Amino acid sequence: MKMKTIIILGGGIGGIVTANKLSSSLSGDHKIILIEKNKEHTFTPSYLWLMNGSRKKKQISVPLKSLLKKNIEVVNATVNEIVPSEQKVKAGEKEFYYDFLVIALGTDLVPEKIQGWDDSIHTFYTFEGAAKLYDTLKNFSGGKVAIVISSMPYKCPGAPHEGAMLIEDFFTAKGLREKVVIDIFTPEPQPLPVAGPELGNAVKNILDNKGISFHPSMHLDSVDTKSKQIFFNGKESFEYDLLIVIPPHQAPAAIRKTDLVNANGWIDVNPSSLQTKYENVFGIGDITSIPLPGRWIPDKPMMLPKAGVFSHLQADVAAKNIVRKIKGEKADEKFCADGYCMLEAGADLAGFAYGDFFGEPHPHVHLKKIGRKWHIGKVLFEKWWLSPVGFKKVFYKNLLRTGGKLIGIPVKL
Ligand SMILES: Cc1cc2nc3c(=O)[nH]c(=O)nc-3n(C[C@H](O)[C@H](O)[C@H](O)COP(=O)(O)OP(=O)(O)OC[C@H]3O[C@@H](n4cnc5c(N)ncnc54)[C@H](O)[C@@H]3O)c2cc1C
């Protein structure tokens, strides 16, 4: 078998899983190169715990190399050009040639696209932003907290609601709840429309019970940070004391320059094989857009949510299909969108949302009753994810799989 070079762009959730899966399945004769701009890997779901003071920065940040198997070559550089016709990638000052390419570059956050944006506006969607918001929450003595989803799509549709609930819990624990009003604004018609009506209604009820107001169909127009007002298209303006936004998302520049992107600015892939229009180029995770068969808003299809759980599953599929192609077999591994999420609700409790996102006439996603065990499940997953690659098997066998069985989730990794 001829030696092949497989390049993975992006060392986030999808890139790490792809590289490790390839490394386990291919002999050392093949070359696996992972290109990532950051040396440290931070675990995004834990940004919410950084925001509420449950974690310190160093607890959710590890050297990227500690998560990758030894025979993976890590290049610490920014990808600035992809030339599929020449099977070439430019990163930093260097050029790399590939036989197979996996693009897992995630999304860029572009808060500066918000009219009126300045540094007084917070976000918990970045590592630094979550840490900064904790400092502000600690010193906040009361007033109106507005959480604004600025546009769609955005990653992890549960996260803004989890953030609101953790903030509510933070002020309850501080004895300040009576002095704080929390509002969520979103252009969407319901919470988590990508997950179907059942989950949306369940989350809306939880928010209601916590006294968090949910405002659907609110399209952000601009912000005036001097008068502390948020303006929505065709709706009344809203005054705030603390503004937290989910910033606009876009594909990284290197991708936007290629012919891989669709009209919406994301990579089109075959929803089953995750192959792009180029036979040897795969797209996985947040950088892709995969239509949901049963969801429309109002005249275009909704896309599979950008979530780590899907990046993880897609990484497995892309890696298996590449291995099969290298071995001359049929590349018939298929992605199925059975996703799950532990939805943090505050007070060390969480709900467990799970189901088929490709379900018709709409996704069948259910929420299990909120309890301590789902929160523990999320903490265990975080510990497993951040543990060095050599310890993962032991950790999985002894804690994650056993813990999963005890609480009734079949954890398959
Ligand atoms: C607050 C928050 C909470 C979340 N909670 C959950 C959760 O509970 N469950 C869940 O499933 N998902 C959750 N998510 C979403 C999840 O983090 C993403 O969906 C997931 O990380 C996407 O994986 P990815 O591999 O596609 O992209 P990423 O993990 O974002 O990885 C992309 C990588 O590419 C690198 N990169 C980008 N551009 C370049 C370039 N030009 N050159 C080199 N490297 C580059 C980046 O540095 C990054 O490391 C959450 C997200 C946030 C913000």
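Asp286 is buried, with a relative accessible area of 11%, where buried means under 20% relative accessible area, exposed over 50% and partly exposed in between, computed with a 1.4 Å probe and protein chains only. The structure is a predicted model, in which local features need pLDDT of at least 70 and side-chain atom pairs count only at pLDDT 80 or more, while totals for chains, interfaces and linings use all residues. Residues are numbered from 1 along each chain as its sequence is written, and side-chain values use heavy atoms, with hydrogens and water left out.

**Overall fold**

- The protein chain holds 9 helices and 26 strands; these are DSSP runs numbered from the N terminus, with helices being H or I of at least four residues and strands E of at least two.
- The radius of gyration of the protein chain is 21 Å, close to the 22 Å from the globule rule for 413 residues, so the chain is as compact as a globular protein of that length.
- That radius is taken over C-alpha atoms, and the globule rule is 2.2 Å times the number of residues to the power 0.38.
- Along the principal axes, the C-alpha atoms of the protein chain fill a box of roughly 70 × 45 × 45 Å.
- Of the 413 residues in the protein chain, 55% count as buried.
- Taking contacts (heavy atoms within 4.5 Å) between residues at least 6 apart in sequence, 66% join residues at least 24 apart.

**Surface and charge**

- The protein chain has an accessible surface of about 18,200 Å², and 52% of this belongs to carbon and sulfur atoms.
- Accessible areas come from the Shrake-Rupley method with a 1.4 Å probe; for residues, only the protein chains shown count as cover.
- The protein chain carries 53 positive and 43 negative charges, and their mean positions are 7 Å apart.
- In this count Lys and Arg are positive and Asp and Glu negative, with His and the chain ends not counted; each charge is placed at NZ of Lys, CZ of Arg, CG of Asp or CD of Glu.

**Cysteines**

- The whole structure contains 0 disulfides, a disulfide being a pair of cysteine sulfur atoms within 2.5 Å.
- Cys336 is in no disulfide, and the nearest cysteine sulfur, that of Cys341, is 17 Å away.
- Cys336 is partly exposed at 46% relative accessibility.
- For Cys341, the closest cysteine sulfur is that of Cys156, at 5.1 Å, which is too far for a bond.
- Cys341 is partly exposed, its relative accessible area being 23%.
- Cys156 is also partly exposed, at 26% relative accessibility.

**Backbone features**

- Cys156 lies in the loop between β11 and α4, and its phi is near 50°, a positive value in a residue other than glycine.
- Pro153 is found in the loop between β11 (143-149) and α4 (159-173).
- The peptide bond joining Met152 and Pro153 is cis, with omega about 0°.
- Leu274 has a phi near 70°, a positive value in a residue other than glycine.
- Leu274 sits in the loop between β19 (267-268) and β20 and is buried at 0% relative accessibility.

**Asp286 and its surroundings**

- Asp286 is in the loop between β20 (281-283) and β21 (288-289).
- With neighbours within four places in sequence left aside, Asp286 is in contact with Gly106, Thr107, Lys155, Trp266, Lys306, Ala307 and Ser311.
- Asp286 and Asp118 are 168 residues apart along the chain, and their C-alpha atoms are separated by 26 Å.

**Val194 and its surroundings**

- Val194 occupies the loop between β12 (180-185) and α5 (197-209), and it is buried at a relative accessible area of 13%.
- Pro305 is 111 residues from Val194 along the chain, yet the two C-alpha atoms are separated by 6.4 Å.
- Beyond its neighbours within four places in sequence, Val194 is in contact with Pro157, Leu292, Met302, Met303, Pro305, Phe357 and Pro363.

**Glu95 and its surroundings**

- Glu95 belongs to strand β8 (residues 94-97) and is partly exposed, with a relative accessible area of 40%.
- Apart from neighbours within four places in sequence, Glu95 is in contact with Lys88, Val89 and Lys90.
- The C-alpha atoms of Glu95 and Asp348 are separated by 48 Å, the two residues being 253 apart along the chain.
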